[in-house]
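Please read this report with the sequence and the model side by side. The headings follow the topics in turn.

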Amino acid sequence: MKTAMPPQNYARVKTAWLFIAPMLIVLAAVAAWPLLNTAYYSLTNARLSDLSDPSFIGLRNYLNYNGYRWSGLLTSPIWWKAVLNTLWFMAVSVSLEVVIGFGVALVLHHQFPGRGLARVISLIPWAIPAVVSAQIWSWMLHEQFGIINDFLMVIGAIETPIAWAAKPSTAMWAIVFADVWGTFPFIALLMLAALQTLPADLYEAAKIDGISPIKVFFKITLPLTMPALVVAVIFRSLDALRIFDLVYVMSGRNPQTMTISVFIRQRLVDFQDIGTGSAASMLLFIIGALVVIIALLTRTLRLSEVNES
Amino acid sequence: MTRRNWVKSILRLVTVSLIVLYSAFPFYYAIVSSFRSGTDIYKPAYFPTTFSFQNYVSIFKNQPFAQNIVNSLIVASAVVIVSMVLAVPAAYALGRVKFRGRRLILLTVLGTSMFPQIAVLSGMYQLIQSLGLYNSLGALIVSNLMLTVPFTAWMLTIFMRELPKEIEEAAIIDGAGPVKIILRVFLPLLWPAMASTGILAFIAAWNEFLFGLTFVVSNENRTVPVAIALITGTNQRELPWGNIMAASVTVTLPIIILVFIFQRRIVSGLTAGAIKG
Amino acid sequence: MRKVILGIAGFLTFAGLGSPANAVEVSVSCGAFGVDLQLCTAASQRWAAQTGNTVQIVSAPVNDSDRLPLYQQMLAAHSSDIDIYQIDVIWPGILGSHFIDLKPYSNGTEKDHFPAIVKNNTVNGQLLAMPWYTDAGVLYYRKDLLEKYGAAVPQTWDELTETATKIQEAERSAGNKQMWGFVWQGKADEGLTCDAFEWVFSHGGGSIVEPDGRISINNAKAAKAIDLAASWIGKISPTSTLNDAEEESRGIFQTGNAVFMRNWPYAWSLANSADSPVRDRVGVAILPQGGANGIHTAVLGGWQLAVSKYSKHPKEAAELVMYLTSSDGEKERAIKGSYNPTRPDLYKDPEVLSAVPFFGTLYETFANAEARPSGVTKDRYNQVSVAFLQAVHSVLSGQEAAAPALNNLETSINDIQGSSW
């Protein structure tokens, strides 16, 4: 704001606020209360069995020193295990989704007979509720009656069946596998839309110049679709940070695969401990914010750009 | 056709087949399972061994499943429409107008996607109660907005931002106001983005479970994922696999039809996008 | 039959017969589907017709992990939308603060139910829920295989291990490559708490937390029991057991691929269904004891009916609970749906026994079923249970031995307990 705004710009900004207002009002209405509620409870010792009169205990749910011993979430090994599991899950799962999702989008972007049908089919995994796909995958991956072990044994790839979801070394991978299957269509569909908006003449020019397709991808396609890809990845990452259904159905309360949301759900529902459950939710919020801040700092996500006339 | 083209076609055929196989196999397995029951579900089968529609009959007979599908359609459609109506003008403002507070708004909107659903459940419950929406589809429309609006607004902002300046400038010179610019100039170009985000938001609302379970108590008002969770076997502990698979296959069909209709919109963006060149 | 009853009910309401001026609507949460819903609806409607009140059925998911948050949300919000809640045997302690004392309405009839369940449902002297149907862990075995190899039904866990190993080896060398000795529930969920509780208690290792509040789990007998179970994995129990729940175990057993199975009584009728490969070749017995001085132990499961404190019509709701849990009410459910009654008398009832013959053999098991420590640990039961099952799971998956795991567990449970339960 170095100089005074010209009048038409002033009108433009006014219009902008007018346009944003309805969304902000609705979001404030549906989100502000529940979120502030969580923030408040995280500072109390509230229990679900009696919500009427929780007392304010400051940050003790997070960290507390009672004179001889530290306690609170930040000192809990189970919590940190859940954090590590979740971050690992997010990194691996989202990376695989991007590779597969973008790959699928590139293939389905080209014209070929049956393309419409192929696009619809590639979206099916996203259409199946996570709880159901978790059950389907547990069944298909089962050591004793799973079709995947059966198939691998028929083609001779393995001699004895593998307990994918039960062995500590593969349990987390089984969940990643089911998650990637269920969410790659999210990336694929958004990238498909991004690919549609690319200018065709650039590609024709590249073709005339005889530039290799791989080079075209890295020099033209990727940079131009990057903004959409980054946002898709941010939303997928925030979703992956909150992964719950798949983990809960596929491996229950196994600490080896426990994620932050399973931890939170356990505190809130099973333990009825609204205080620490809300505190853990706030920490998850902070972790999500850190992910976004890292994306901003590395300039992969850019907020300041506008395309103004 | 040249040799090179042949290789290309075959390569494409192989990759497309792999994609289709990967995407569809678990669903195909669900279809195969939906025809089976009893001990059969514990035996791997690559092809249907029987074609019994018993599971399909029983899901419709034992609960208002058709009504549940209609409810889900109403909720998901309303959520998408409201999200779009809120997000399109906001995306225009956030993507194409420079003003103080823009970044903060974008980050705040993103922030609402960082809380786990279970944590906001009790606050949302109070909100629904105070709005008098408890046990109605309205409760689900309102609560689902929290899940879909941030994503829709962000995605459309990005796509809106990428559209070339020249188009808007030309419209401004012609004397068009912001509403007209959005409706006449941007909307036609945004179809691929709107169709994609719309489909994703629709499915997200369609599949939402926790709010659907908690804010609605009567069977007639329940949505599909909750209805599936209510399916039980002859006993508390029996997992009625065949019924669940039949229900899952049934509720995926409307989505497939919907995607089939709207994916043409994604293609239609191609011609619109080509104009700008 | 149901139609007739409904028809009569409709007629009575229409004619104004038997409907007092103060008729109220009571809503009850039952199962959602199939026979459970039918039986619950029919019985409730019959009560409504008799009393002139009306009944609304609110179906809830059967899955505990879906049902608990729904109930909690409604109870925490003091909602009057549901009057009667159907709760798991471990929930009276967890949700107890939201339920009324049923003693003023029961007229002492709780004495006709299994004492262990009534004790479980009584917290701080208040009867928070009426027993409705029960459940307990049992041992399934393949009659044909035991006969073929001349083995008896195992009385101790060591015998079970031995017999399972022997038959598994013999069957495998005879070509049945997929045969396993013993399947059970090792998935890190409440099911594992049930299984592990049985091993520990049957070895004389106590009940994790004793009724007097003492934390007893850190003892040599408990460690021995859990180490024994860990030794089964990969030997007589498939690795998948670490992530198997009831239905996965049943799948392996029912396809003929296991000699023994620990499961609940529900698997009986399914294992004997028309398309089952093991039909008529299955026996049910009480679970083994740990060593010669052990105790045959079956963990107590099952469902209760409780009335919400926030109900607008607690009196009528309690009356409906008494109606549903009456001898006739439970008898109907036993005959038509094989739900295990909570009343000892019904296990001698000829009509019940002719409809569900295996109830007779299960009587001892049900009568002596042992409750998990949910009464003493109250609303912190789930914390104790999760700490326990996670410790056991880490032993089963070979990450630590039982003794140090139980040592750490004792510290954790101490922290959960705080100053008192």
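## A:Met191 and its contacts

Leaving aside residues up to four places away in sequence, A:Met191 touches A:Gly101, A:Phe102, A:Ala105, A:Thr225, A:Ala228 and A:Leu229. Two residues are in contact if their C-beta atoms, placed from the backbone, lie within 7 Å. The model is predicted: local features need pLDDT of at least 70, side-chain atom pairs count only at pLDDT 80 or more, and totals for chains, interfaces and linings use all residues. Residues are numbered from 1 along each chain as its sequence is written, while chains are lettered from A and ligands numbered from 1 in the order in which they are written.

## The largest nonpolar core

The largest nonpolar core has 327 residues, and those with the most contacts inside it are A:Met191, C:Tyr140, C:Phe182 and C:Ile226. The largest share of this core, 20 residues, comes from helix H6 (residues 168-196) of chain A. A nonpolar core is a set of buried Ala, Val, Leu, Ile, Met, Phe, Trp, Tyr and Cys residues joined through C-beta atoms within 7 Å. A residue is buried if 20 or more other C-beta atoms lie within 10 Å of its own, exposed if 12 or fewer, and partly exposed in between; the C-beta atoms are placed from the backbone. In soluble globular proteins, nonpolar side chains tend to be buried together.

## Chain A as a whole

Chain A has eleven helices and two strands. Along the sequence they follow the pattern α-β-β-α-α-α-α-α-α-α-α-α-α. Helices (H or I, at least four residues) and strands (E, at least two) are DSSP runs, numbered from the N terminus.

The C-alpha trace of chain A spans about 75 × 75 × 30 Å along its principal axes. Of its 309 residues, 51% count as buried. Among contacts in chain A between residues at least 6 apart in sequence, 66% join residues at least 24 apart.

## Where chain A touches chain C

How many residues does each chain give to the contact? Chain A gives 24 residues and chain C gives 28 residues. On the side of chain A, helix H9 (245-251) and helix H10 (260-270) each supply at least two residues. H10(A) gives the most to this side, with three residues.

By class, the side of chain A that touches chain C has eleven nonpolar, eight polar and five charged residues. Here Ala, Val, Leu, Ile, Met, Phe, Trp, Tyr, Cys and Pro count as nonpolar, Asp, Glu, Lys and Arg as charged, and the others, Gly among them, as polar.

## A four-stranded sheet in chain C

Chain C holds an open sheet of four strands in the order S8-S9-S7-S10, with mixed pairing. Its edge strands are strand S8 (180-183) and strand S10 (282-285), each of which pairs on one side only. Two strands pair if DSSP finds at least two bridges between them. Neighbouring strands of this sheet are turned by 15 degrees against each other on average, direction ignored.

Strand S7 (residues 138-142) of chain C pairs with S10(C) in the antiparallel sense over four bridges. Four bridges also join S7(C) to S9(C), and these two run antiparallel. C:Tyr140 has C:Val284 as its bridge partner in S10(C) and C:Met261 as its bridge partner in S9(C). For C:Arg142, the bridge partner in S10(C) is C:Val282.

## How S7(C) is covered

Why is S7(C) largely enclosed by the rest of the structure? Five of the five residues of S7(C) are buried, so the strand is largely enclosed. On one side these are C:Val138, C:Tyr140 and C:Arg142, and on the other C:Leu139 and C:Tyr141.

Helix H11 (residues 246-254) of chain C lies across S7, S8 and strand S9 (258-263) of chain C, and runs at about 155 degrees to S9(C). Axes are lines fitted to C-alpha atoms, for helices over the stretch in contact, and angles run from 0 to 180 degrees between N-to-C directions.

## Domains of chain C

Chain C is assigned domain 1 (2-135 + 302-362) and domain 2 (138-297 + 373-417). Such bounds come from an automatic or database domain assignment. The C-alpha centres of the two domains of chain C lie 31 Å apart. Their contact takes twelve residues from domain 1 and 13 residues from domain 2.
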